[in-house]
Amino acid sequence: MILSWVACDFELPEVVEPEVEPVVAIVQEDPRCSRSPGDAPEGCVSGVIRCGEVVDGHTGGGLARWSNDFYREKFCAPIHHDWDGPERVYRFEMEPMLVANVELESPCEDLDLFAASWPHEGCPDLEHSVTACESDVLDGDGAFRLVTQDNPQTWLIAVDGKRSAQGAFTLSVECQHR
Ligand SMILES: [Ca+2]
Ligand SMILES: [Ca+2]
């Protein structure tokens with residue numbers, strides 16, 4: 001086999017390096033994070049939430065009545081943090097035979113979600129008996145499901161920040177009949 005080397009007499013075009021724009025990572029903060037804290041509630045409850053409703057709120061300005069002592073005493077959370085800062089509490093009245101999916105969006109601070117069963121006016125304190133309590137205390141957003149049987153049930157849904165964190169949130173409740 002004869003291998004021949006043929007020299008090609010042409011010039012390679014000059015390689016021009018394209019100008020590369022420096023990549024700048026732009027982290028866009030959620031617009032809810034610039035929301036101002038709300039007014040202090042009259043009493044301990046900041047409002048009412050119903051099936052199908054969405055509440056945009058901020059824990060700043062809420063009362064700081066519930067903290068780890070309360071949530072631990074009422075068996076709300078499997079793990080414990082400080083929730084010493086202000087919380088927002090919403091009254092949620094459920095009809096019988098209903099499933100309610102409660103969701104918390106917490107885009108700015110790590111807020112957590114609680115619900116204490118409370119058929120009376122106002123809010124329970126440490127000395128009151130709370131028959132049921134739910135929570136989602138994981139990092140970031142939270143969610144849980146509330147279910148009624150043959151009787152109506154009233155819950156106090158609370159949004160509370162870990163380690164006194166205060167921030168904006170979106171709370172929503174979606175319901176369906178069982
Ligand atoms: Ca609190
Ligand atoms: Ca959380």
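Modeller: Helices here are DSSP runs of H or I with at least four residues, and strands are E runs of at least two. The model is predicted.

Colleague: How many helices and strands does the chain have?
Modeller: Read along the sequence, the pattern is β-β-α-β-β-β-β-β-β-β. That gives 1 helix and 9 strands.

Colleague: What radius of gyration does the chain have, against that of a compact globule of 178 residues?
Modeller: The C-alpha atoms fill a box of roughly 100 × 35 × 30 Å along the principal axes. A compact globule of 178 residues would come near 16 Å. The chain has 27 Å.

Colleague: What share of contacts between residues at least 6 apart join residues at least 24 apart?
Modeller: Contact here means C-beta atoms within 7 Å. Among pairs at least 6 apart in sequence, those at least 24 apart make up 76%.

Colleague: Which strands lie at the edges of the open sheet?
Modeller: The sheet has 5 strands, with mixed pairing, in the order β1-β3-β8-β5-β6. An edge strand pairs on one side only. The edges are β1 (47-48) and β6 (133-136).

Colleague: Which residue of β8 is the bridge partner of Tyr90?
Modeller: Strands of a sheet pair through backbone hydrogen bonds, either parallel or antiparallel. Here β3 (residues 87-94) and β8 (residues 153-161) run antiparallel, joined by 8 bridges. The partner of Tyr90 is Ile157.

Colleague: Where in β6 does Leu113 find its bridge partner?
Modeller: Strand β5 (residues 111-117) runs antiparallel to β6, with 4 bridges between them. The bridge partner of Leu113 is Asp136.

Colleague: Which side chains of β6 point to one face and are buried?
Modeller: Side chains alternate along β6.

Colleague: Which residues touch the most other members of the largest nonpolar core?
Modeller: In soluble globular proteins, nonpolar side chains tend to be buried together. Buried residues make up 30% of this chain. The largest nonpolar core holds 32 residues, and α1 (68-73), β3, β4 (98-105), β5, β8 and β9 (168-177) each supply at least two. Those touching the most other members are Phe114, Ala115, Ala116, Trp155, Leu156 and Ile157.

How values were computed. Residues numbered from 1 in each chain as written. Chains lettered and ligands numbered in written order. Predicted model: local features only at pLDDT ≥ 70, side-chain atom pairs only at ≥ 80, totals over all residues. Rg over C-alpha atoms; globule rule 2.2 N^0.38 Å. Buried ≥ 20, exposed ≤ 12 C-beta atoms within 10 Å, placed from the backbone. Contact = placed C-beta atoms within 7 Å. Pairing = 2+ DSSP bridges. Core = buried A, V, L, I, M, F, W, Y, C linked by C-beta atoms within 7 Å.
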